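Subject: Structure handover

Hello,

Here is the structure for your work. My notes follow below it.

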Amino acid sequence: MRDAMSCSTTQTLIFPHVPKCGGTTVAALFQPTRRLHAIIPALSVVPAGRTISFHGGHRTAQQLERFCARRDPCCVWLIILRDPIARLVSAFATSQEDHQHFDCSHRRLHARLRDRSNPLTIEELALAPLKQLASCNLNTYLDVLAPQRGNGEAKRLRHARSRIASDDAVVGVHERMGQTLQLLAHRLSLNLSRYDAFFTYNPHATIKLTAKARRRLKRVLAPDYELYSAARRTFEARWEALRKAWQAMFAAAVAILSQPPYHPFHTPITIP
């Protein structure tokens, strides 16, 4: 077990990458070989003398736990969620080009997803019978954060919420990606002064849903909406705390610089 003092030089970041939640932006920070480095300069965001061991990918929290000992003070989790319907629409749109981000095990829906002549639309998916939708495992946040299916939904939700509320986690939301990265940078002492949030372009992500389909999906995605709401609350509280801390630091610096010998009226001027 590492002690807290060693965290100044070595830390571990665990990132269960939920598809279509800005994870490629995060992975590009710590994996220089990621494809996005073909379009942006490779920047070193980790200060010299420090090491961050990054473990991510489209894996569940349970699969990633092995990279961190329990109660390891040098281990930080990063959880980024997004409005569940917006995430599903983006994942479904991407499935028109590949099936890495969305698929369904129900035989009829699975066949329609791969039928180029008559592909399944997200409207049809949303209005499919509930038994068919259940086989699509649409509640991705629940499956990633608490994949133990035999434990019952209520217990899994409690477990997933506890991950979000943990002091070990940096919690962000896709809609506020810039501020999410600032929370991460503050926690890991990263240098993100020349690094902005960016997203890969998805030409199919303009799909529109009818109000009926949206209501249906919101009902089906109720567990993920519960987790998304918990993530937003945690994010908002921690962002506000960080903003107030920055304001206090700035006010203290201004107070010091307003006193002699720092104040410009008290600083002697030498003319060569």
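First, a definition: a residue is buried at under 20% relative accessible area, exposed at over 50%, and partly exposed in between, with a 1.4 Å probe and protein chains only.

This is a predicted model, in which local features need pLDDT of at least 70, side-chain atom pairs count only at pLDDT 80 or more, and totals for chains, interfaces and linings use all residues. Residues are numbered from 1 along each chain as its sequence is written, and side-chain values use heavy atoms, with hydrogens and water left out.

Thr180 is buried, at a relative accessible area of 1%. Thr180 belongs to helix α9, residues 177-188. (Helices are DSSP runs of H or I with at least four residues, strands are runs of E with at least two, and both are numbered from the N terminus.) Beyond its neighbours within four places in sequence, Thr180 contacts Ile80, Gly172, Val173 and Phe235. Contact means heavy atoms within 4.5 Å.

His17 sits in the loop between β1 (10-14) and α1. His17 is buried too, with a relative accessible area of 9%. Leaving out neighbours within four places in sequence, its contacts are Gly23, Thr24, Gly57, His58 and Arg59.

The core

A nonpolar core is a set of buried Ala, Val, Leu, Ile, Met, Phe, Trp, Tyr and Cys residues joined through side-chain atoms within 4.5 Å. The largest one here has 72 residues. Leu13, Val26, Phe30, Leu81, Leu125, Leu138 and Leu184 touch the most other members. Helix α11 (residues 222-257) gives the largest share of this core, eight residues. In soluble globular proteins, nonpolar side chains tend to be buried together.

Helix α3 (residues 84-94) is mostly covered, with ten of its eleven residues buried. Arg87 is one of the buried residues. The buried residues of α3 pack against α4 (107-113), α5 (122-126), α7, α10 and α11.

Helix pairs

Axes are lines fitted to C-alpha atoms, for helices over the stretch in contact, and angles run from 0 to 180 degrees between N-to-C directions.

Helix α1 (residues 23-30) packs with α9 at about 35 degrees, axes 11 Å apart. Their crossing is right-handed, meaning that the near helix is turned clockwise from the far one by less than a right angle. Thr25, Val26, Leu29 and Phe30 in α1 meet Met177, Leu181, Leu184 and Leu188 in α9. By class, this contact has seven nonpolar, one polar and no charged residues. (Ala, Val, Leu, Ile, Met, Phe, Trp, Tyr, Cys and Pro count as nonpolar, Asp, Glu, Lys and Arg as charged, and the others, Gly among them, as polar.)

The axes of α10 (residues 211-220) and α11 come within 5 Å and cross at roughly 75 degrees. The two are therefore roughly perpendicular, the class for 65 to 115 degrees. Lys218, Arg219 and Val220 in α10 meet Ala222, Pro223 and Tyr225 in α11. That contact has four nonpolar, no polar and two charged residues.

Positive phi

Asn137 has a phi near 50 degrees, a positive value in a residue other than glycine. Asn137 lies in the loop between α6 (130-134) and α7 (140-145) and is partly exposed at 37% relative accessibility.

Ser189 is not a glycine either, yet its phi is positive, about 55 degrees. Ser189 lies in the loop between α9 and α10 and is partly exposed at 43%.

Best wishes

Notes: Parallel < 35°, antiparallel > 145°, perpendicular 65-115°, else oblique.
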